[in-house]
Amino acid sequence: MTTRVKKICCLGAGYVGGPTCAVIAYKCPHIQVTIVDLSKTRIAAWNSNKLPIYEPGLDEVVFSCRGRNLFFSTEAEQAVIEADLIFVSVNTPTKKAGMGAGYAADLAYVESATRQIAEVAKSSKIVVEKSTVPCRTAESMRTILEANCRDDIRFDILSNPEFLAEGTAINDLLHPDRVLIGGLQTPEGLKAQQALAEIYAQWVPTDRIITTNLWSSELSKLAANALLAQRISSINALSAICEATGADIDEVAYACGRDSRIGPKFLKASVGFGGSCFQKDILNLVYLSEQLNLPEVAAYWKQVVDLNEYQKKRFVSRIIKTLFNTITNKRIAVLGFAFKKDTGDTRESAAITLCKDFIQENAQVRIYDPKVSEEQIFLDLSEPGVIVKRRVTIARSAYEASVNADAIVIATEWDEFKELNFEKIYEKMNKPAFIFDGRLILDAERLESIGFRVHTI
Ligand code: NAI
């Protein structure tokens, strides 16, 4: 007989823990879900009318079950004691110092969450690794749990990596391409796998719930992100060839994407990928390869990240060259600051690199993003020795940002930028008025007919 899960606890109320467990509560009214976090402000926001993250559809899901079978709390101990199943959904950023700095994932948060579970648990639990972690992390979690718990308790560890994409998280969670559950191939491991599969089966067709061994599951998450990012770097590498030859990258991407073996998705050239996952997870894979003494494999994946950096630098130098080789004191309107549309998340956003380079060149930067707060922008741009506020101002609309600007730079593909009244914008800009479309979303011909000088990737 499989274990019936009645109470779930999730450690980590971030971009993954929050939406994922809110959807479980929404789809499984018979399960009580408590999401906990160390951050009091984050939990207070989850309990308020203004949730801490922006995600289309999230408000509806949370507001419909919060207080019914969905709770947000800072009381981790109580939630862990009561739970049959615990998701560990804490952050795993790239290490900044020590061994593997700049590549390896920092597992300190995963480890301390694991120790916390071991210390307070009074009964057996299924512990689910939701965070993205290097291959074989589950093994370390088990060692910690077994070494620190009471003798009469057992822990079954599962790997259940999350494949949601920010900006479409709720839709991705409601209609996932697949749910991956890795477990030890022992009778107990299989039973735990089955218990988690039963939860997802409340709304996910069973042929989309894949069960594998633990290590395959852990590696599949890194592999999926590396393959996705590789497509972006591949198309961006081709965009450089297009610019040098006069070929059009959108046409090339369309022609290639029509090949059913290649497919059309993720072939949009841009100023480069951002977000908290792609770069971090590839670097993690690079580190893993090096640890396994596979330097050629490491170099292969590292190139995906290197090309992404090259693409950002290339875009900045194109802007400077076009603006007559100097942007000192020129006004640049940066439209978009989030790493992609439909999210307020700015982690590793290409806009940060662009703006920092503009500041270095002594430009006057005016930023507008529909979902990113002023505080967040200044936090992201702050650097030792640079008085950012002297060079950067925040606008409340794209129109306001563009007044007296010499150039507009599209850094995020927000839909509202496609619908702007560019005649009105053109009137108020310095002439010649330049637009640099880093996301290939604008109709260049139309803008040129207004009088703009348009440059696209
Ligand atoms: P996040 O930084 O938004 O959230 C993590 C939260 O965990 C923070 O609020 C932090 O305060 C909390 N936390 C840390 N230690 C804790 C503890 N011991 N107890 C309770 N709370 C604790 O991170 P995010 O974006 O949610 O990512 C979480 C994991 O999911 C990472 O491993 C990431 O790689 C992975 N992931 C992220 C995706 C994304 O799109 N953001 C997509 C798929 C996976």
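## A helix tucked inside

A residue counts as buried when its relative accessible area is under 20%. Keep that cut-off in mind while looking at this predicted model, starting with helix α13, which covers residues 350–360. Nine of its eleven residues are buried, so the rest of the structure largely encloses α13.

Which residues of α13 are the buried ones? They are Ala350, Ala351, Ile352, Thr353, Leu354, Cys355, Asp357, Phe358 and Ile359. Just past the helix comes asparagine 362, whose phi is positive, at about 65°.

## The six-stranded sheet

Next, have a look at the open sheet built from six strands. Reading across, the order is β11-β10-β9-β12-β13-β14, and the pairing is parallel. At the edges sit β11 (392–394) and β14 (453–456), each of which pairs on one side only. On average, neighbouring strands here are turned by 20° against each other, direction ignored.

Zoom in on strand β13, residues 434–437, and you'll find four bridges joining β13 to β14, with the two running parallel. Across that pairing, phenylalanine 434 stands opposite arginine 453 of β14.

## Helices against the sheet

Which strands does helix α12 touch? This helix, residues 295–322, packs on the sheet and touches β12 (407–410), β13 and β14. Its direction makes about 170° with that of β13.

## The cysteine flagged in UniProt

UniProt, in an unreviewed entry, lists Cys277 under "active site". Where does cysteine 277 lie? Look in the loop between α10 (249–257) and α11 (278–291). Cysteine 277 has a relative accessible area of 29%, so it is partly exposed.

## Salt bridges

Side chains of opposite charge can pair when their charged atoms come close. How many salt bridges does a search of the whole structure find? The search turns up 22. One of them links aspartate 250 with lysine 268, with 3.7 Å between the closest N and O atoms. Aspartate 250 belongs to helix α10 and lysine 268 to the loop between α10 and α11, so this pair ties together parts 18 residues apart in sequence. Both ends count as partly exposed: aspartate 250 has 33% relative accessibility, and lysine 268 has a relative accessible area of 41%.

Another salt bridge joins aspartate 281 to lysine 280, where the closest N and O atoms are 3.2 Å apart. Are these two buried or exposed? Aspartate 281 and lysine 280 are both buried.

Glutamate 400 is partly exposed at 23% relative accessibility, and arginine 366 is partly exposed with a relative accessible area of 26%.

Key:
Residues numbered from 1 in each chain as written. Predicted model: local features only at pLDDT ≥ 70, side-chain atom pairs only at ≥ 80, totals over all residues. Heavy atoms only, no water. Buried < 20%, exposed > 50% of the residue type's maximum accessible area, 1.4 Å probe, protein only. Pairing = 2+ DSSP bridges. Axes fitted to C-alpha atoms, helices over the stretch in contact; angles between N-to-C directions. Contact = heavy atoms within 4.5 Å. UniProt positions renumbered as here; feature names shortened; annotations may be inferred. Salt bridge = Lys/Arg side-chain N within 4 Å of Asp/Glu carboxyl O.
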